[in-house]
Structure formats: C-alpha cells, structure tokens
Amino acid sequence: MDPKFALRFLLVLLLTSPLFVTNTMQAEAVQPYGETNQREPSEIINGGLVSVILSDKGYHAMSLTLDILLEAVNPNSTVTLFCPQDKAFFNSKYPQPPLTLLKYHAVPFKVDKASMEASFHRGLKVDTLLPGHPLVVTSLPAGTHGYASLNLVKVTEWDLYNNGRLIVHGVEDLFDPAFQTLRYPEYDVVAKDDVSSGGVSWLKEATENWFLMLGLAAASTCALVLAFFFCAKPSKMDDVHYSPL
C-alpha cells in the first residue's frame, strides 16, 4: 500500500471521528466564556483607591486597616462599610481592632440615607459580616434626633465612597457588640453555618472555654476525693495480729 495514501486515510479518519468533533465543539463553546471571564467588571472594589480617599478625608486609621477587611469580603458582593473617625481608635480599648470587630462594621448589602429613611425603623436589626451579631438601628435621619445612628453611634458623613459595589459612611465611634448583646439579646444568635465551619465569634469561644475549664476542674476534684478516700481507708491487714510461736 502506498504510504502517502495510508497517511491520508488515517488523517481523514481522525478528522471525522466523533471524539475529535466533540472536543472541537467543546473548545468552541468554552472560548466565548473564557473571553468573558477576561473582561474586568465595570464596578470592582479598588482597595488602594478607597484607602487614599479615606485618608484624604481624615479617616487615616481605617484607611490603613481597610485591606484586611476587604480580604474577607466576597469581591462579587455589595458591602456597606461604616468607617469610624480616627479619635475612635485612640480612645478605644482596641487601638488595633481585630478582624472580628472590623467585620462588625460591614453590612453585606447596600445601606444609604435614602434606604434608611424609606424602609428602616428603630430597633431593626442589621446583619453584619460577623455572623450572629447584628447592628441595631437606634435613630433615623428624619427622626427626632435629626441624624441616623446604629448602636447609639451617630452616622456623621454619608457616601465617603460609593461605586455601587462598596459604600462607605463615616461614624463617630467604633460599634460595640456589647450594646446589642445587652439590650437586644434576642438578636444575639450564632449562625449554624458559622458554627459548622468553625468560624465562631470570640463570645462563643470564651463560653466554650469556660465550660471546658469547669469540666476539668470537676474531674480533678473527683479524682482527688477518690484518692483521699482510698488512702484514708484502713487496710484489712492492719487488723491481723501476729502471735509468737
């Protein structure tokens, strides 16, 4: 058989095989999706830009910790961030607030002045990125106080930054989770997903550690009591009297 004819026959057989046709169709179907993924979204969260804006407006402390918080945020979600003034960090017991406290200042949906006036009411809980620990609306922009507040902390500046994906408002102080825990304990519920994933708040961790310490202390006490009981009990050998032969 002519070698050239055999080579052509194998090439035609390969090109017309179902495996080659299927793979080619799949490659053509995936290509537009790959091109779409390469396009950057029109509204992305630019952490560096937001940090510069916050610093220019006097929120230097929060601008330095913004990247830590944004790393815990889903880049495809909408987030509202309440940014404390610099003096809040100097007067707080958290000069370098942990990530859990920073999450307590982030809301996983859009909140602005118009939405608060339209659909919020006093006592409403506002979920945060710290599961099971919401903020509480304590006053509204059009209310008797004339300003909005959450956890009795006043919103001082609206829309420090707003690109539709990330909304940043200024507040006069850090939010204290203890406010909601003490005044609205019915809202203080740890989410089931948070418990199963191990990402539990520091309050739950402290409670679990306390019960563990109590259990260890009780077990140690029982062991000491049993040891003392058996050591103090007279042995039967002590009652045997030996007489000389």
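Helices α3 and α4 are roughly antiparallel to each other, where "roughly antiparallel" covers angles over 145 degrees. This is a predicted model, in which local features need pLDDT of at least 70 and side-chain atom pairs count only at pLDDT 80 or more, while totals for chains, interfaces and linings use all residues. Residues are numbered from 1 along each chain as its sequence is written, and side-chain values use heavy atoms, leaving out hydrogens and water.

**Exercise 1.** Find how the axes of α3 and α4 lie and which residues make the contact.

*Step 1.* Start with the axes, which are lines fitted to C-alpha atoms over the stretch in contact, with angles from 0 to 180 degrees between N-to-C directions. The two axes come within 8 Å and cross at roughly 160°.

*Step 2.* Now list the partners, taking contact as heavy atoms within 4.5 Å. From α3 come Gly47, Val50, Ser51, Leu54 and Ser55, and they meet His60, Ser63, Leu66, Asp67 and Leu70 of α4.

*Step 3.* Sort these residues by type: 4 are nonpolar, 5 polar and 1 charged. Here Gly is counted as polar.

**Exercise 2.** Describe the largest nonpolar core and what α4 gives to it.

*Step 1.* A nonpolar core joins buried Ala, Val, Leu, Ile, Met, Phe, Trp, Tyr and Cys residues through side-chain atoms within 4.5 Å. "Buried" means under 20% relative accessible area, using a 1.4 Å probe and protein chains only.

*Step 2.* The largest such core has 21 residues, and Val50, Leu54 and Met62 are among those with the most contacts inside it. Elements supplying at least two residues each include α3 (47-56), α4 (60-70) and β7 (166-171). The most comes from α4, with 5 residues.

*Step 3.* Follow one member: beyond its neighbours within four places in sequence, Val50 is in contact with Leu66, Tyr161, Leu166 and Val168.

*Step 4.* Look elsewhere, and you will find another core of 16 residues, including Met116 and Val126.

**Exercise 3.** Is Gly170 buried or exposed, and what does Gly170 touch?

*Step 1.* Locate Gly170 in strand β7.

*Step 2.* Gly170 has a relative accessible area of 0%, so Gly170 is buried.

*Step 3.* Not counting residues up to four places away in sequence, Gly170 touches Tyr59, Cys83, Lys154, Val155, Thr156, Glu157 and Leu160.

*Step 4.* Compare sequence with space: Gly170 and Cys83 are 87 residues apart in sequence and 4.7 Å apart in space, C-alpha to C-alpha.

Terms used. Buried < 20%, exposed > 50% of the residue type's maximum accessible area, 1.4 Å probe, protein only. Helix = DSSP H or I, 4+ residues; strand = E, 2+ residues; numbered from the N terminus. Parallel < 35°, antiparallel > 145°, perpendicular 65-115°, else oblique.
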